[in-house]
Amino acid sequence: MIKPRIIVTGATGKTGSVVTTELLKAGYPVRALVHREDGRSAWLKAQGAEIAVADISDVERVAGALDDVQRAYYCPPFEPYMIQGAVAFAVAAKEARLEHIVSLTQWLASPSHPSLMTRQLWLVDRLFSMTPGVAHTIVNPGFFADAYLVMTGAAAHLGVFPWIFGNSRNAPPSNEDIARVAVAALMDPARHSRRSYRPTGPELLGAEDMAKAIGRAVGRPVRVVPTPTWLFMKTARMGGFPIDLLSGVRYYIEDHKRGAFEMGAPTTDVLDVTGRPAEDFETIARRYAAQTRNQRTAGNWLRTFAQFMIAPLRPGFNLRRYERELLRPFPSQPQFAPDSRVWRREHAIDSQPAAAGRDHARSAASHAQSLEF
């Protein structure tokens, strides 16, 4: 029996690359949609994927990439014009008579969130759900484990785990588990159509829990170091993270502090959908600890120490100017996720305010105006 062809957007990314390889292992023909051909796309091609190069907002190129495709994994680009790319993809999907889209979105997605990206993700979810003739499945994780484990080097070489999220917790999933949920949905549209899944790790963890797990992974004691957001932003800029991403992350930090990722977590969606239990945080951390840059060598220590010392002296982002120049729309009454009635209703959260959120008297609007990095 010939299996349906599946297109994977963002195919060289953290979840897209895993979705691609898992589908290929299962015998599905895969077309990997990428921005450009490079070493990452060459690796996917060597695994058996067909490579298509296109900007996601280019309707004609995307339509060509969807020729003879039946299903899709849609991983949106994190950029100001995300909604344009999604509309282009929906138009092409309808014309191609695509039968099923599995889309990656975000646990925080809501219509009045101060983050432009998050508001657009909420719209993208609804756009695909309304696309005629196309079944739709949503995968909406919170912060990935990857978001915390980018600091594995600091833990391995300096024994510190910088933390910017106050007393809140999360049950972070691995990139691999998120991808496996998407793959399972792609393989069985009849079962997963019109469903929404939130992959999480198996338990809620706070800063101390994560630090201990990372410490066991790197083989040394690791202590939590409360870190101001301005220093995190400077470090992120040094690490090459784009301003498009950080313009949203600054709000997600506040959501995290308000307990947004604790709500409804953990779930059993990874086990229920894939038949495999979700990976625990320490298992994920050991993969990061094994990376070359995180090995405890003199060269890695010197590099990490130098970055640690230089970071406070480096320039940060001027996010207020960035958003002003972007001329992005802004809701008249912006709300962080735990404060949004729409978000709480759509995520089946009880009507009581989050414990973490009760400590914050300022509105999202005034808080947004106070952030300057």
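This is a predicted model: local features need pLDDT of at least 70, side-chain atom pairs count only at pLDDT 80 or more; totals for chains, interfaces and linings use all residues.

Visitor: What makes α1 and α2 roughly parallel to each other?
Guide: The axes of α1 (residues 16–25) and α2 (residues 39–47) come within 10 Å and cross at roughly 10°. Angles under 35 degrees count as roughly parallel, and therefore α1 and α2 get that label.

Visitor: Why does D146 count as buried?
Guide: D146 has 11% relative accessibility, and buried means under 20%, so D146 counts as buried. D146 is found in helix α6. Leaving out residues up to four places away in sequence, D146 touches K14, N175 and Y288.

Visitor: Which residues touch the most other members of the largest nonpolar core?
Guide: That core has 48 residues, and the ones touching the most other members are Y148, L149, F161, W163, I214 and F281. Elements that each supply at least two residues include α5 (116–130), β7 (160–163) and α14 (281–289). The largest share, 7 residues, comes from α10.

Visitor: And what does I214 touch?
Guide: Again not counting residues up to four places away in sequence, I214 touches L149, A155, F161, F281 and A285. Apart from this core lies another one, of 30 residues, with V19, F144, A179 and A182 among them.

Technical notes: Residues are numbered from 1 along each chain as its sequence is written. Side-chain values use heavy atoms; hydrogens and water are left out. Axes are lines fitted to C-alpha atoms, for helices over the stretch in contact, and angles run from 0 to 180 degrees between N-to-C directions. Helices (H or I, at least four residues) and strands (E, at least two) are DSSP runs, numbered from the N terminus. Angles under 35 degrees count as roughly parallel, over 145 as roughly antiparallel, 65 to 115 as roughly perpendicular and the rest as oblique. A nonpolar core is a set of buried Ala, Val, Leu, Ile, Met, Phe, Trp, Tyr and Cys residues joined through side-chain atoms within 4.5 Å. Buried means under 20% relative accessible area, exposed over 50%, partly exposed in between (1.4 Å probe, protein chains only). Contact means heavy atoms within 4.5 Å.
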